[in-house]
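Let me put the structure up and we'll walk through it together.

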Amino acid sequence: STKLRRIIKIKEDIIIFQDCSTGFGLDLLSLDVTTWNHERVNSLASQIDQFLNGLPPHVDLQFVQEIESGNENTFKNHEDLANQCKNTDVIALVHARLEKLRTRDQNGEIPYHGLKLFVRRPLKRLLSGQAGFFLKSEKFPEVAEGEFKAEISESARLKENIMRSLEAIGLKVQCLSQRVILEQVYAQWNPRRKDQIDLGYYDPEYISPSLVFTDSFVTDNGFCIGDVLYRVVSLKSLPDVTTSSMAQILRELPFGSKLFLSIHVPDQQKEYESLQTQRRMAFSMARGKRSGVADLESEAKLQDIEILLANLIAQGEKVFDISFQILLSANSEEELEMQVSTTLAKVRELSGAEAMQETLAAFDIFSDFGNFVVNF
């Protein structure tokens, strides 16, 4: 057997984490459903449901939406087409127009909505002996070389299956290389340095010193990385009613924000047994009284659990653990407070959903969902 830090070679763009789990990243070209009719949107929602229900247990997914400037490729393609024209007046007009568009792009007036998906699966052998609630998971566990090669191969197969499923939905999918993923982490933890110097050489067996060069400190309302201020907004209550494509409102979040939607696929048998236990407890609280005031809260909880269990049994649906956070950044407190107010208002437009601004726990939450790609 050997330790992970000695075999942390990236094969087929598979990342090895310090707890011996494996993962990968995908770049997705998001769909514009603003002009779709209701039948087409509902069909897309059904395909997404099938994709999620087909995921294996103990898999973690994280969708990351970035709103930033990034339309240079579109401008470059348009410029290349204009240069093929023989009319000099047309070429001059296109160049003048592109100069204005590039300026607006840099100022955040033409945002680019990037969408990425990161997938992570644990070491299969460690699932039977998971650490307790108050125990930390072992770092760099000893794994036989043949077993670890099998884990990498299984993660590669999972990557191919997910890519095919997303392409069947209609998304354009491209696998993120090791270099691109590490550049994302480098930019995240060095917001100022990334504009001055690119990521250089890094040791694949000890990545942290090659990626983190900026100090971080916690404030009363958030945290700072260098001189950039950050706030974290988390979803507090779910929408009253959900409809297909309602999340397109979140494309109007402030420029420079990042949306993190993390999904964990638990063991469905354990979740079913847990729901059965909760159902019996709610039944005893709601129907156990022979006199007095009825427990309306327990009665409502009982009805919700019974509907959920009926869907699990009849329709084959699954239960997921989901977290939803929005990361905001700015150079001044005033600008950041304005972004927080705008974000809270946008979340409320999702059929009455409510979000809250994290305070002292913001950096810990950011370290949790922000380190989904690489845990140092």
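This is a predicted model: local features need pLDDT of at least 70, side-chain atom pairs count only at pLDDT 80 or more; totals for chains, interfaces and linings use all residues.

Now, the inside. Which residues have the most contacts within the largest nonpolar core? Those are Leu-26, Leu-28, Leu-117, Ile-162 and Leu-166, in a core of 33 residues. At least two core residues each come from β2 (22–29), α1 (38–53), β3 (60–68), β4 (112–121) and α4 (145–169). The largest share is from α4, with seven residues.

Take Ile-162 as a close-up. Setting aside its neighbours within four places in sequence, Ile-162 touches Phe-24, Leu-26, Phe-51, Leu-55, Leu-117 and Val-119. Apart from that core there's another one, of 25 residues, and Ile-15, Leu-182, Tyr-202 and Val-228 are among them.

Last stop, a helix pair. How do α2 and α3 pack? Helix α2, residues 72–83, and helix α3, residues 88–106, have axes 10 Å apart and an angle of about 175°. That is over 145, so the two helices are roughly antiparallel. On the α2 side the contact includes Phe-75, His-78 and Ala-82, and on the α3 side it includes Ile-91, Val-94 and Leu-98. By class, that contact has six nonpolar, three polar and six charged residues. Okay, over to you folks.

Notes
Residues are numbered from 1 along each chain as its sequence is written. Side-chain values use heavy atoms; hydrogens and water are left out. A nonpolar core is a set of buried Ala, Val, Leu, Ile, Met, Phe, Trp, Tyr and Cys residues joined through side-chain atoms within 4.5 Å. Buried means under 20% relative accessible area, exposed over 50%, partly exposed in between (1.4 Å probe, protein chains only). Helices (H or I, at least four residues) and strands (E, at least two) are DSSP runs, numbered from the N terminus. Contact means heavy atoms within 4.5 Å. Axes are lines fitted to C-alpha atoms, for helices over the stretch in contact, and angles run from 0 to 180 degrees between N-to-C directions. Angles under 35 degrees count as roughly parallel, over 145 as roughly antiparallel, 65 to 115 as roughly perpendicular and the rest as oblique. Ala, Val, Leu, Ile, Met, Phe, Trp, Tyr, Cys and Pro count as nonpolar, Asp, Glu, Lys and Arg as charged, and the others, Gly among them, as polar.
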